[in-house]
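Hi,

Here is the structure I said I would pass on. Have a look at it first, and then read my notes below.

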Amino acid sequence: MAGLTGRFSTVVKAKISKLLDRAEDPSETLEYSYQKQMELLQNVKKGLADVVTAKKRLQLQSQKLEQQVVKLDTQARQALAGGNEALARTALERKSTIQAELQGLDGQIAELEAQQQSMTENQAKLQAKIEAFRSKKEVIKAQYSAAEAQVRISEAATGVGEEMADVGLAMQRALDKTENMRARAQAVDELERAGAFEDLTQLGTGEDDIDRQLKELSGGTQVDSELEQMKAELAAGGKSAGELGSGEQGGQSA
Amino acid sequence: MIVRIATEGQYRLADEAVARVNALDNEAVAAVEAGDEARFTELFGQIVALIRAEGTPLPEDELHGSDVIVPPPDTSFEEARHDFSGDGLIPD
């Protein structure tokens with residue numbers, strides 16, 4: 001079969017025969033490949049741990065960002081109540097950036113969840129194949145002549161070898177994706193570290209920095225309407241908002 | 001014939017279905033060569049769907065090498081390009 005499929009088959013098979021060197025005595029090949037299987041299984045377990053760690057980190061970030069959203073919202077209200085509309089706007093803009101980032105995080109967490117699931121299944125499948133290989137090995141040794149056993153063991157070893165190569169490939173792809181997310185998680189960490197309202201007073205340049213790193217939601221209109229809504233709420237006598245003296249923020253202008 | 005969808009698993013597939021996979025595969029190659037990403041994505045999706053629908057999954061205690069190995073279902077157009085022209089999807 002030509003095409004992508006044929007080409008892909010050829011590449012994988014070359015890898016498998018490298019994995020199982022046929023020049024060896026079959027029983028040695030068996031022992032060797034069994035050892036390889038165990039190594040791979042260990043690697044899959046490690047890879048799985050990496051994925052879980054990455055997922056937990058993203059979940060933690062997501063929680064922190066959600067807290068930031070609440071905080072910024074409250075602070076925007078306080079700023080507005082204190083008569084500092086510019087500061088309120090800055091807080092809302094920041095909130096909208098964080099909300100956009102939160103959405104991205106949720107998608108990534110779901111993707112990692114799916115990867116964790118499929119790696120767990122891969123691991124179980126490989127383990128089942130290894131068990132089958134183990135018991136077949138004994139049966140073949142007991143039932144067949146040396147020459148026949150060699151042929152049958154080769155076939156079984158190829159089957160396991162292919163499974164190993166495939167699980168290795170699946171793991172590699174999962175880890176590559178996890179790696180990509182790590183870079184993004186770092187950017188989110190920086191956003192989170194930049195803090196909410198307290199830091200706004202010194203954010204003159206910091207905000208630009210974050211804007212460059214994170215895709216900014218074009219939240220202009222959303223911010224405007226939120227500001228209007230807050231103003232209306234305040235005008236309606238919602239005196240629940242805090243009492244930030246506008247004088248405290250006098251030096252701030254966004 | 002035994003067909004593996006890489007990262008997914010092995011299926012036993014009738015010759016008639018294999019012939020259809022082969023035809024789609026050739027079209028997919030043409031799409032890659034033409035730089036037609038949408039067409040490639042559609043054809044490759046059809047290949048994977050066909051194998052899943054018509055094939056019988058191989059039991060876990062059966063150990064066979066595959067006759068044909070199809071690239072992973074999440075293969076991107078870029079990877080397919082690379083796979084077709086160079087070293088393939090599997091790093092050394």
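A term you'll need first: helices (H or I, at least four residues) and strands (E, at least two) are DSSP runs, numbered from the N terminus. This is a predicted model, where local features need pLDDT of at least 70 and side-chain atom pairs count only at pLDDT 80 or more, while totals for chains, interfaces and linings use all residues. Residues are numbered from 1 along each chain as its sequence is written, chains are lettered from A in the order in which they are written, and side-chain values use heavy atoms, with hydrogens and water left out.

Now the interface. Chain A puts 34 residues into the contact and chain B 42, contact being heavy atoms within 4.5 Å. There are five salt bridges between chain A and chain B (a side-chain nitrogen of Lys or Arg within 4 Å of a carboxyl oxygen of Asp or Glu). One salt bridge joins A:Arg173 to B:Asp74, with the closest N and O atoms 2.8 Å apart. On the chain A side, helices H1 (3–19), H3 (85–143) and H4 (146–193) each supply at least two residues, and H4(A) has the largest share, 13 residues.

B:Asp74 turns up again in the second largest pocket, as one of the lining residues nearest its centre. A pocket here, on a 1 Å grid over the protein atoms alone, is an open set of points where a 1.4 Å probe fits, with protein on both sides within 12 Å along at least five of seven lines; lining residues have an atom within 4 Å of a point. That pocket is lined by 16 residues, and H3(A) gives the most, eight.

Cheers
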